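Open the model in your viewer and keep the selection tool at hand.

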Amino acid sequence: MKKLSLSLLLIISSVATSSGLVLADELPFTLSGHARVNYGHQDWLIPDFRDGFEFESFKLGVAGESDQFSYKAEYRWYENVDFNTVRFADLTYHFNERTEITGGITQTPFGLQPFASNSFWFSVNYYLGFEDDYDAGVKINHQRGNWDFQAAYFMNDEYNDAAKFARYSFDVADDGEFRNSEDGQYNVRANYTGRFIRGGTTEIGASYQYGNILNLDTSRSGDMNAFALHMRHTQNDIKLELQYIDYEYNLEAPEGQADDRLALSSFTFPFLAAANGQTYSANLIYSVPYDFDHIESLTCYSEFSLAKGEDASGKNSSQWVNGCSLGWDKLFMYVDSIRGKNMWFSGGPGIGLDIDGLQDTTHRLNINLGIYF
């Protein structure tokens, strides 16, 4: 039934974007989306894993505006892990040219925006909930000169259900043993854009996040706080991105339960991460000059990120991605070589922890090919 629904969605989107039935100019909003296939070779699964392309995901997005309001929403169907989820759905009131207020399921203003990475699989920050994260709340964005200021309050995660693992954003989870939930969160972010080097543009910023963490067994509230320092410098075709994050969860765990770890979840799977630690990330990106018909972008990157657990149970988790992305008309492709160590996404048991499981360096070759409309 799920595959049939997905097939119908593909047919509808194909017909709707063709000139035969519905013209895009006639719609009161902008319709966008993608259909993607994925190839992944994972050396830690050999010989039990069979290589090959598989249908990965289908996405539908809408965006529009009316008077002083604008809105956008995105929903995804992931066939390879068999779930569907909202990514964002928000409404923005444009108070004036410098100030806007956004409410709904919207991106948390923390760290490098809109992403702290350029590869298909992002950095360790994504898996800890510090990159491309969306929660339910309201935020204000104000621009003054070269400064961009953001402040936000989020009531809870996008589903207000810590036991729901089928989601896009990585959130605090209830895995049946470590049972915590996000219960109110404040964010502030300031970013300055300047021209300190001739021919280049530099963004320098700082972010802070504070939230209540409700333990579902004790019914007592702990808290978390995190701050980030971030920089992005663009010089002609080269871009350098640096970020440092320090975070700490103070958990009200039941008596006898370890409070140096917590459960996080996304993409249908929960896992354990260090409750206290730091992350470091450094990206070097090169937009390759090209002179070919139809090719809109060719970008290569090397991105390294590290999560360091701070308690006695802590152990480094790292991810190093080298790859390129290519845009050709409606086609977009990522080719990534990923080396992970003690990293949940790369076969490891968690993030930032010394626990049972695969802690060796692993390699994943990933190719993602999509049609975007």
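Which residues are linked with Arg-76 in a network of salt bridges? Select Lys-59, Glu-74, Arg-87 and Asp-132 along with Arg-76: these residues form the network. Keep in mind that this is a predicted model.

**Stop 1: inside the network**

Zoom in on Arg-76 and Glu-74. They form a salt bridge, with the closest N and O atoms 2.6 Å apart. Now colour by accessibility. Arg-76 counts as buried because its relative accessibility is 7%, under the 20% cut-off. Glu-74 is buried too, with a relative accessible area of 7%. In general, side chains of opposite charge can pair when their charged atoms come close.

**Stop 2: Arg-167 and its partners**

Next, select Arg-167, Glu-158 and Asp-171. Arg-167 has a salt bridge to Asp-171, where the closest N and O atoms are 3.0 Å apart. Its side chain also meets that of Glu-158 in a salt bridge, at 3.6 Å from N to O.

Are these residues buried or exposed? Arg-167 is buried, at 1% relative accessibility. Asp-171 is buried, with a relative accessible area of 1%. Glu-158 counts as buried as well, at 9%. To widen the view, display every salt bridge: a search of the whole structure finds 16.

**Stop 3**

Then colour the lining by residue class.

**Stop 4: a nonpolar patch**

Switch to the surface view. Select Ile-101, Val-138, Ile-140, Tyr-153, Met-155 and Tyr-186. Together they form a nonpolar patch with about 540 Å² of accessible area. Trace the patch back to the strands: S6 and S7 each supply at least two of its residues.

Finish on Ile-101, which sits in strand S5. Is Ile-101 buried or partly exposed? Ile-101 counts as partly exposed because its relative accessibility is 33%, between the 20% and 50% cut-offs.

Methods
Residues are numbered from 1 along each chain as its sequence is written. This is a predicted model: local features need pLDDT of at least 70, side-chain atom pairs count only at pLDDT 80 or more; totals for chains, interfaces and linings use all residues. Side-chain values use heavy atoms; hydrogens and water are left out. Patches are made of residues with over 30% relative accessible area and no salt bridge: like charges are joined within 9 Å, nonpolar side chains (Val, Leu, Ile, Met, Phe, Trp, Tyr) within 5 Å. Accessible areas come from the Shrake-Rupley method with a 1.4 Å probe; for residues, only the protein chains shown count as cover. A salt bridge is a side-chain nitrogen of Lys or Arg within 4 Å of a carboxyl oxygen of Asp or Glu. Helices (H or I, at least four residues) and strands (E, at least two) are DSSP runs, numbered from the N terminus. Buried means under 20% relative accessible area, exposed over 50%, partly exposed in between (1.4 Å probe, protein chains only).
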